[in-house]
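Please look over the sequence and the structure shown below before reading on.

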Amino acid sequence: MWERLTNWLEVRIGVDDLVRSQVTEYRVPKNINIFYTLGFVAAVGYLIQVVTGILLLVYYVPHPDHAFRSVQDIMVKVPFGWLFRQMHVMGSNLMIAAILLHMLTVFAMGNYKRPRELTWIGGALLLFVAIAFGFSGYLLPWTQLSYWATTVVTSIPTAVPVVGDFVARLLRGGDQVTGATLSRFFAFHVSILPPLFLILAGVHLFLIKRIGISATPFGLPAEEKRPWTEYHKKSHADGYPYYPRFFQMDMLMVMVYLAVMFLLITFLPNLFFPPDATIPANPLKTPATIRPEWYLLAPYQLLKIIPNKFLGILIQIVLFLLFLFWPFFDTEKEKNIMNRPMLRVLFIFGFILWLILMYWGRS
Amino acid sequence: MKRRSFLKAALAFLGATTAASFVYPLFRFLVPPPRQKKVNSLVIAKRDVPLGDAKEIVFGGIPAIVVNRPGKGLIALSRVCTHLGCLVQYDQENKRLLCPCHAGVYDLEGNIVSGPPPKPLTKLPLKVEGETIVIG
């Protein structure tokens, strides 16, 4: 019976060939390390977000009069509602952490270099979409924290001359954060961002498949470390097959991801629920402590310490563009960050500065 | 013009027209309705704002505050901080208006004292008519 089924599928879609070319005979570089699994981990993280998000949609009501109540009901009345909401909230933070870590390691290994500039840009845009997911989802429970964090972030464009006010109104659907904003953010969160994420992930994967996985620059002959000037697929004929070796590494890291998620849900369930995240939104009272999620704390703090609003936002835009188009700024041939002291200093300095701003923004 | 070039140009024209005929309605669909310009005035009793005290109100959908300043009289200001839109709170002890989000500080005229706000708070028209205060 099984044989007949596989034969039937073989004739129609060529499963054997697909498995052979993409799994068992697909080669990965010999010096591949555990950090190469982070893209796969982020993809699994996204899948968890999709499944738990669909489940939350069954009970969530996107209306200012009902949103807070419906989320509270999910947490206390719906059987296992707390579990799926916790998975969704923890998952959103962990997915962003996985993408960030993925990009940091790609940066450290110089794997964004020619001809992988577009792969890097695709990854940076995926990070941006993941943050947009987090930001748009933040408003949906309609709490004091979510309301005022959204007010602050949607006010940022007002610093831009001429079009700033218009952009802020477009985001909010009016002058203030209201039910119209909730509707817009809900639509954005559940119907615009998911296909956008999938399209970007598809392009990212296509580029990885077309060019081939980049080997780490550590322990390679000099000519292998240089970026190429002409296209040739990097097939790693002498490498290990993806299955079972690298697949096991992927699955190990997925288990680590899930373990961290359930550890946080079990022992730190309020990690992402400060007191203001449990009070319904009050448009007439700004709480004493307003701060966004950890991944937006650094830009938030930067806005706080730069006295000129326009300058603060301009610096953020410049930093974002620098990050997005970094492969075009770094034209140095050497991939190995260990052989590039200036880049190493820049990397460590930037990372420490980001951590300081994050900690400062939190305190 | 060659037949092929003509067909290319026609296709480009039709494609652009089709795209534009979707983009314009989409833009209009997403732009929020224009602001309502005419706002009715708001009347509150003078006794509701004792000397040195303040009263929070909502005027034309905007959170505002009426402050009774010792020696300077009444003033009505928008509570929306000009930095990033949080609502300022009245600090009676220090005679200041404070923004809790990014520590913007304004005096009771709405002028910036410290912090990142780029502009003073918006003043609202206010007049006293007998025992009532009319805002707007």
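W142(A) lies in the loop between α6 and α7 of chain A, and its phi is near 55°, a positive value in a residue other than glycine. F80(A), in the loop between α4 and α5 of chain A, also has a positive phi, near 60°, but F80(A) is exposed, with 10 other C-beta atoms within 10 Å.

This is a predicted model, in which local features need pLDDT of at least 70 and side-chain atom pairs count only at pLDDT 80 or more, while totals for chains, interfaces and linings use all residues. Residues are numbered from 1 along each chain as its sequence is written, and chains are lettered from A and ligands numbered from 1 in the order in which they are written.

## Cis peptide bonds

Most residues other than glycine have a negative phi, and most peptide bonds are trans. A cis peptide bond, with omega about 5°, joins R114(A) and P115(A), and P115(A) is found in the loop between α5 and α6 of chain A. The peptide bond from Y243(A) to P244(A) is cis as well, with omega near 10°, and P244(A) is found in helix α11 of chain A.

## Helices of chain A

Helices here are DSSP runs (H or I, at least four residues), numbered from the N terminus. In helix α4 (residues 67-76) of chain A, the residues A67(A), F68(A), S70(A), V71(A) and I74(A) are buried. Seen down the axis of α4(A), these buried residues fall within an arc of 165°, so they line one face of the helix, the arc being that of the directions from the helix axis to the C-beta atoms. What covers them includes α3, α5 and α9 of chain A.

## Contact between chains

The contact takes 20 residues from chain A and 16 residues from chain B, two residues being in contact if their C-beta atoms, placed from the backbone, lie within 7 Å. On the side of chain A that touches chain B, the elements that give two or more residues are α7 (144-155) and α8 (164-172) of chain A, and the largest share, 4 residues, comes from α7(A).

Definitions and conventions
Buried ≥ 20, exposed ≤ 12 C-beta atoms within 10 Å, placed from the backbone.
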